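Hello,

Here is the structure you asked about. My notes on it follow below.

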Amino acid sequence: MSKWSAALGRKKLMNLTVTQKRDLMGWVFVSPFVLGFLLLFLGIFIDSFRFSFMEVNVLQQGGYSAKFIGMDNFHQILRVDPYFNRQLYNAVQNMLFDIPIIVMYSLFIAVLLNQKMKGRAVFRAIFFVPVILATGIIDKADLSNSIMNAYQSIPGLDTGIAVVNESAGGMFSNLQLKRYMFQMFDFSPALVNVTVGAAENIYDVVNHSGVQILIFLAGLQAISSSIYESAKIEGCSGWESFWKITFPLISPLILVNIIYSIIDSFTGSKNQVMDRITAAMKLGQYGAASAMAWVYFLIAAVFLIVIGLFVSRFVFYQNKE
Amino acid sequence: MSVAQTGTPMAAKRKGLLSGKLKHKYLKLFFVNRLFWGVMRYLLLIGLAFLILYPLLVKLSNSFMSPQDLIDGTVRFIPRQATWFNYETVIAYTSFFEGLANTFGIAFMSGALQMLVCTMVGYGLARFNFRGKGLVFTLVVLTILIPPQTYMISLYMKFSFFDIFGLLSAISGGTVRLMDSMWPMAILSIIGFGFKNGLYILIMRQYFKGIPKELEEAAYVDGSGLFRTFARIILPISISMMITIFIFSFSWQWTDSFYSSMFFSQIKLLSNSLLTGFEGLMLEGATVGLKNGQPLTATLTNTMSLLVILPLIVLYLFAQKYLVEGIEHSGVVG
């Protein structure tokens with residue numbers, strides 16, 4: 001029986017064309033990933049899902065015990081825990097607030113860095129510095145660092161007063177700015193808050209858009225310059241050619257960057273929920289931590305899908321394959 | 001005389017012509033417009049570049065300040081009594097060089113492994129039309145989307161009680177604890193599940209899609225095998241892209257706190273010492289340890305983070321050419 005099937009398999013293999021045989025070798029190239037997924041990660045994903053319905057205890061002599069307790073973990077974190085809901089809400093709010101600003105900023109900078117000018121290489125090198133430096137632990141250490149906070153608040157720069165435990169000064173100046181904007185321009189409060197918030201977060205925005213600038217820049221390089229030339233001959237201004245050529249052609253990458261920024265914001269270091277999950281894990285509450293992680297992932301996934309679907313309706317694809 | 005007489009009006013005429021030309025060139029709205037936008041562009045770029053470099057400069061000046069300078073209100077950017085005190089304290093307290101060696105080892109290993117594996121997987125996804133390719137690609141995208149924190153707990157469990165299908169426990173009678181060794185990072189890198197590896201695979205795939213197929217076809221016609229073609233033709237031309245991936249993974253591993261604090265709680269790593277901070281450090285002659293929020297504590301943290309990123313800056317200065325080049329040639333477009 002097995003001989004027969006082996007023979008059949010060989011015959012099948014011999015019937016394939018050379019290209020088809022070569023294509024089968026593709027499995028060899030992707031095998032590290034596929035094997036790793038099947039041997040290690042499939043189990044890890046399933047385990048993590050199971051743990052969220054269990055009470056997990058690590059035993060002294062090695063190994064762990066797990067007891068099925070149904071939805072108790074979820075009930076605990078969503079209904080009993082006073083902070084978790086609030087933290088979730090904050091994470092989502094921060095994300096919704098940051099994404100448009102980061103994406104607009106990085107597109108703007110990428111367009112600027114794509115133009116011909118003196119010192120372009122130097123500027124590019126500087127703007128990619130955050131990709132390398134403003135990640136992970138450095139970001140985290142700066143967040144809680146009183147000196148960095150004092151130096152980064154804008155009034156500290158103007159007045160030249162060295163204040164270490166400040167931030168009261170920063171508050172005051174922003175209040176002034178807000179009042180000024182209310183009085184002078186009659187802005188709506190929401191708009192004022194968004195604008196002032198954006199100005200406050202300028203360090204965050206600059207430091208978290210390195211990868212996005214890289215992606216946009218790569219996309220801008222890929223647009224052939226002959227399109228712009230012909231548009232120019234037809235009498236198209238720079239403004240028009242941005243909105244009629246650059247913007248549609250770059251729109252797939254806007255989707256990519258929005259998705260990347262959402263993930264970055266949900267898993268970033270200034271995110272309280274992530275800290276919360278890590279803390280719960282360190283306390284040994286593996287079941288509750290798993291439940292939190294899955295609730296969080298589900299919310300992130302829902303936002304990703306909704307925003308992704310919404311944005312992808314406006315995306316223009318030049319060559320549909 | 002007459003020559004001079006006739007010469008002057010000629011020169012004047014020429015001058016007039018020249019200035020007219022100049023006027024024609026420089027007083028046009030077009031030129032003014034371009035000048036205005038050029039100046040605006042430089043102002044904006046220089047301002048934002050300053051914003052990026054500013055924290056680094058602050059850290060640099062802060063790290064040389066003595067404790068007296070820190071409480072002196074008139075000292076802002078230039079320390080009055082410059083000192084190496086902060087550096088010495090940090091290096092002694094965190095046993096910096098041991099941490100540097102460990103961090104370098106782990107970051108270099110995972111950078112090199114991830115670079116090779118992601119290049120391979122990316123090539124496989126870009127060039128071959130095997131069955132199930134769509135499924136593998138979807139899985140790669142999913143690994144980008146799912147934050148590692150979701151499966152952090154079971155990952156931790158897996159490597160604490162490591163076992164392959166019960167084989168190991170059958171042989172040695174118990175699971176293996178892989179924590180505090182190179183193995184968790186090595187295994188994760190080899191299977192392409194390390195930090196942001198899905199992104200690297202995606203970048204490599206897009207890059208290989210942009211390379212003309214004719215290169216490989218010519219090699220096949222000349223009788224070169226699949227793997228030889230990959231090693232001799234594909235790898236050499238994609239070297240700048242691979243270096244880009246290496247820079248990403250090296251520096252993100254270097255500053256990573258997620259995997260470091262999970263896998264290497266007992267091994268001295270730079271990121272872990274920075275995460276711990278300097279709270280409770282007893283200085284010479286002091287009766288109480290440093291408190292969080294004190295200027296000196298923050299200064300020491302700044303000095304430490306400067307020391308942590310210094311090797312990365314050196315790496316970046318040497319490699320940024322490849323980074324920009326690699327990204328330019330990648331064409332990450334959808």
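Chain A has 18 helices and two strands as its secondary structure. Please keep in mind that this is a predicted model. Of the 321 residues in chain A, 33% are buried. Among the contacts in chain A with a separation of 6 or more, 65% are between residues 24 or more positions apart.

Helix α15 of chain A, residues 225–233, is hardly covered: of its nine residues, the number that are buried is zero. After α15(A) comes Gly235(A), which has a positive phi, near 90 degrees.

Next, the contact between the two chains. Chain A puts 80 residues into this contact, and chain B puts in 77. On the chain B side, the elements that supply two or more residues are α2 (29–63), α5 (96–127), α6 (133–145), α7 (152–160), α13 (239–254), α15 (270–276) and α16 (295–330) of chain B. The most comes from α16(B), with 16 residues. By residue type, the side of chain B that touches chain A consists of 48 nonpolar, 23 polar and six charged residues.

Last, the domains of chain B. Domain 1 covers 2–63 and domain 2 covers 94–330. Where these domains of chain B meet, four residues of domain 1 are in contact with five residues of domain 2. The domain 1 side of that contact in chain B is made up of one nonpolar, two polar and one charged residue.

Regards

Terms used
Residues are numbered from 1 along each chain as its sequence is written. Chains are lettered from A and ligands numbered from 1 in the order in which they are written. This is a predicted model: local features need pLDDT of at least 70, side-chain atom pairs count only at pLDDT 80 or more; totals for chains, interfaces and linings use all residues. Domain bounds come from an automatic or database domain assignment. Two residues are in contact if their C-beta atoms, placed from the backbone, lie within 7 Å. Ala, Val, Leu, Ile, Met, Phe, Trp, Tyr, Cys and Pro count as nonpolar, Asp, Glu, Lys and Arg as charged, and the others, Gly among them, as polar. Helices (H or I, at least four residues) and strands (E, at least two) are DSSP runs, numbered from the N terminus. A residue is buried if 20 or more other C-beta atoms lie within 10 Å of its own, exposed if 12 or fewer, and partly exposed in between; C-beta atoms are placed from the backbone.
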